[in-house]
Amino acid sequence: MKHGSRLALFHYWVAFGVFLPSVLLGAWQMLMRSPLPAPLDDSAAYYASVTLHGSAMAYVVTTFFTMGFGYAVATTSLGRPLRGMTAAWIGFAICLIGTLMTVTAILSGRASVLYTFYPPLLATGWYYGGAFLLIAGSMVWVVLMILNMRAWRRDNPGHPVPLSMFAITATAMLWAWAASGVLVELAAILLPRAFGWSDLIDAALGRTLFSVTLHAIVYFWLMPAYVAFYTLVPAAAGGRLYSDTMGRLTFIMFLVFSLPVGMHHLLMDPEHGSGFKFLQSALTFLVALPTLLTVFSICASLEIAGRVRGGRGLFGWIKALPWQEPMVLAVGLSLVMLGLGGFGGLINMSYAMNSMIHNTSWVTAHFHLIFGGAVVIMYFAIAYEMWPRITGKALASKRMARLQLWLWFWGMLITTLPWHITGLMGQPRRVATFDYTDPLIAPMSPLVIISVLGGLILLISAILLIVILVRSHFSQSAAGEAMRYALAVNPPVIVPRTLNSFGLWNALVLVLMILAYGYPIGQFYFLKSHSVPAIGAVSSLDGRGEP
Amino acid sequence: MAGEEGSSSKPDTSWSRVSWSLLAGVFIVSFFIGFFVLGRFQQNSPTLGTWAAICRAIGISTGVGPAAEPQPPLQMPTRIAWTQGTLARIASGNEHQGAFIALNCVVCHGEHGVSSSSLIPTLAGMDAAVIFKQLDDYRSQKRLWGVMSAIATSLNDRASADVAVYFAHLPGGLPQTAGEGLPVGGHSLRQGDPTIRLIYVGDPERGIPPCAACHGPSAQKPGAPALRGQHTAYIERQLTAFAQGARKNDINEQMRVIARELTPNEMHAVAAYYGDANLEGSKR
C-alpha cells in the first residue's frame, strides 16, 4: 500500500469506525422517544446520546471522510504524491485528539448540549476544546488541498486543473469559510465561559456565529457526494461527463452561494431584523441553481452512458445502465432522496413557510433525508469504489454492497417520511419523552413506531457496511485498478482562468459575507448585547444532574 | 485566448464582470424587497411608517406596535366610583323633579315603583345610589337591556340623581331592614339550613362571602341593593347573568366571582329566601 493510500485509509476507518456506534445510538434514540419500551429509558441519557450522535455524525464522520477523500483525490487525480505528507499526519493526529476529547466529554455526561451547542447551554471545556481541535485540525487539510492544487498549476502552466481536484479544493475553501463561524464562537464565547474567564454568555451572538457555519457545513458534507456525481459516476456507468464547465460552475456556485445564507436557520430568531432574514432567505434560493444544474448534468451523463451501452428510445437508456455497479445504484437512490429532501428544504428556507415547521421533527427528517440519505449513501459508494484502489484488494461482494445500499435507502425513507408528517402534526424536535396517551399526541404514535422500524433497518445496513469493508480489507483476491475519473464529452483543453482558480470567487464570497453578516454580527458588539447566565449542561447518565 | 494562464484575456474579464453584476443585481433586488417592500407592506396594507418599517427590518425595535392595528377597548365594569363627590351628587337629587321623570318608568316598574312583573325589579325603597349607578351603567353600555339603555341615554347625571332619590323615598316598596338582627344561629358555620348559612356565613371553602354582608338585612355596602322583598325570579336571573358573564357591571367583579361558584339550586334558594321569605311589612 502506498503511503498516500494509507493516509486516506486511516481517515476512512476513523470515519466508519465512528459511524457504526453512532447509528446504534440513533436507533436507540428513536426507540427511546417512541411509545415502545426501550432499555435505559432516561431523559438525561437521551440528551447525552443525541449530543454524541450529532457530534459524531456532523463533525467526526464527515470531516474525516472528506479529508480522506480529498487526500485520495489529490494523489490520484494529480497523479503525483501528496505535498506535505507530514503535515497531513499531524493534522490527522490533531483531529483524532479532538475527537477523543469530545467523545470522552460527552460520555462523562457533562456535555449534553446537542451538536449545535447553542448557548446558554454550557458544556465542560473539554468538549469545546475537542470540537475546536477537530475543526482547527482539519484546517491543515484545507491548506494542503489549496497548496497541492497551486503547486500542480504552477508545474503545469496552461493546463486545466482536473475537475475532481478543482472540486475538492472548492470544498476545502468552503469548509474554511464555513468553519470560521464556529471557530470564532468557540474561541471567543464558549471556551472563555467554560473555563470560567467570564460569567455571562452572549447567546444571540453565539447563535448568529453558529449560523455562519450551520448551513455551509451542510454543503461541506454534501460536496464529496457531488464530486462523486461528476467525476466517478459517469466513469462507473461506462460513459462520459456531459460538461466539464458545468461541473466547475457548480462547485464555484456552491462555494459562493452556500455561505451568506445561514440566517435561514434563524428565521424565528428575535434578535435579527426581518430584512436580513429575507435577504439571506433570497440568497438561499440561489443554491437551487447548482443543485438543478447537477441533476441535469448527471442525468445527461448517465444518458450518454446508457446509450453507449445500447439503450434506445426515450427511457430505454435507463434500463441499459449498469445498475449492478454500487456507484450507479447509489446515485439513483441518492437522487431520489435528494429530490424528496430538496422539496422539504424549500419549505425550510422560505421565510413564511418555515414558521409552520420550525423546530419540529420535520427539520430532523429533512436533514436526515438529505445528509443521512442522499449524501451518506454516496459516501458508501465512494468507499466501495475506493477500497479496492487503496487496499489493492477486491471488494468482497458487490451483491452485498447493493443490498446494503438498498437497505439504507428504504431504512432512511421509512425513518424520515413519518417524521415529516409528525412534524406537520406539531411534534417538537429535541424532546426526549412524549405522553402518547394524550389525545393530541396519540395519532403520532403509529408513525413514530414505523420510523423506529426504519431505524432498525438502518442499523442492519450500517453493520453490513462494516462487514463488507472489513472483509474486503482482509480478502485475498487482489485488484490493482487505478482510480477512474470520468472524462468529459469535450475534455477541457483551455479553461478561462476564472474557472481554473478561486481568486474571483473568494472575493465574491468575502463581499457577500460582509454584506449579509456584517451588520447582524456587528450589532452585538456595537448596539446590543444579550449576555445571559450560562446553564450548566444536564448531567450525568444517572439523571441526577449537577449544576 | 492564449493557453498561458494568467495572461489577461477577454473571457476572464467578462466572467468577472458578469459574476459581479449578477450577484450585485440579486443582492440589490433582495435588499430592496427585504428592507423596504416587505417591512412596509407585508400585511397587504401599510401598517408601519416607512422609517419604523426599515428599523424593524434591520432588527432595531422602535418601541412602537403596528400603528394601524385596531386596539381592543379597555374593559371597565362601570364608570361610577364611590367617592364623596358621587355620593354628594346623588344626595343632591331633587325628589320633586324625579317624580316627573319617573313617569317614564311606571309602565314596567309600576305606578308606585312596585313592579308587577317578576322579572322587573321593584324600585320603591331601593337605595338611591344603587339606582343612580345602574342608570349610569345602562347609559354607558356597561349593563345591557334594550329599553333601559334607551331611557337611561335620554337622562343626564342630574336627572338620574333626581329619579333615584324619588324612588328611594317612595314608601310601600322594599322594606327597611336597617338594624334588623340575625336569625337564630345565623352567624355560625354550624347553621343547619344551607341557604341561611350561605346568606349569613357564606362558604369559605369556595371563597363565597355572606350575601347579607352587602345586601342586608342588617348590613349595606354602597352600590349593593338591599334584596329583601325583591322579586325572586329577578334576583335569580341576575345571579345567572353574573355567572355567565352576561352582566358584568359589578365594580370589583365580586358578583361574577360569587355567582360562578353557586349551583343553580343555590341561586334559586338564595333568591327565594330574599324574595319570598320573611316578607313582613313588605307589600307585593
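**Helix 5 and helix 8 of chain A**

- Helix 5 of chain A covers residues 163-194, and helix 8 of chain A covers residues 244-257.
- Their axes come within 9 Å and cross at roughly 5 degrees.
- Because angles under 35 degrees count as roughly parallel, helix 5 of chain A is roughly parallel to helix 8 of chain A.

**Where chain A touches chain B**

- How many residues of each chain are in contact with the other? On chain A there are 23, and on chain B there are 24.
- On the chain A side, helix 9 (274-285) and helix 17 (503-526) each supply at least two of the residues that touch chain B.
- Helix 9 of chain A gives the largest share of that side, with seven residues.
- In terms of class, the side of chain A that touches chain B is made of 13 nonpolar, eight polar and two charged residues.

**Chain B at a glance**

- Chain B has 13 helices and zero strands, so if you follow the elements from the N terminus on, you will read α at every step.
- Two domains are assigned in chain B: domain 1 spans 24-60, and domain 2 spans 84-275.
- Between the C-alpha centres of domain 1 and domain 2 of chain B, the distance is 57 Å.
- Of the 284 residues in chain B, 33% are buried.
- Taking the contacts in chain B between residues at least 6 apart in sequence, 60% join residues at least 24 apart.

**Confidence in chain A**

- Chain A has a mean pLDDT of 91, with 97% of its residues at 70 or more.
- Which residues of chain A have a pLDDT that stays under 50? That stretch is 537-547, and the model has 30 contacts for it beyond four places in sequence.
- A friendly caution applies here: where pLDDT is low, predicted coordinates should not be read in detail.

Terms used:
Residues are numbered from 1 along each chain as its sequence is written. Chains are lettered from A and ligands numbered from 1 in the order in which they are written. This is a predicted model: local features need pLDDT of at least 70, side-chain atom pairs count only at pLDDT 80 or more; totals for chains, interfaces and linings use all residues. Domain bounds come from an automatic or database domain assignment. Two residues are in contact if their C-beta atoms, placed from the backbone, lie within 7 Å. Helices (H or I, at least four residues) and strands (E, at least two) are DSSP runs, numbered from the N terminus. Ala, Val, Leu, Ile, Met, Phe, Trp, Tyr, Cys and Pro count as nonpolar, Asp, Glu, Lys and Arg as charged, and the others, Gly among them, as polar. A residue is buried if 20 or more other C-beta atoms lie within 10 Å of its own, exposed if 12 or fewer, and partly exposed in between; C-beta atoms are placed from the backbone. pLDDT is the predictor's confidence in each residue, from 0 to 100. Axes are lines fitted to C-alpha atoms, for helices over the stretch in contact, and angles run from 0 to 180 degrees between N-to-C directions. Angles under 35 degrees count as roughly parallel, over 145 as roughly antiparallel, 65 to 115 as roughly perpendicular and the rest as oblique.
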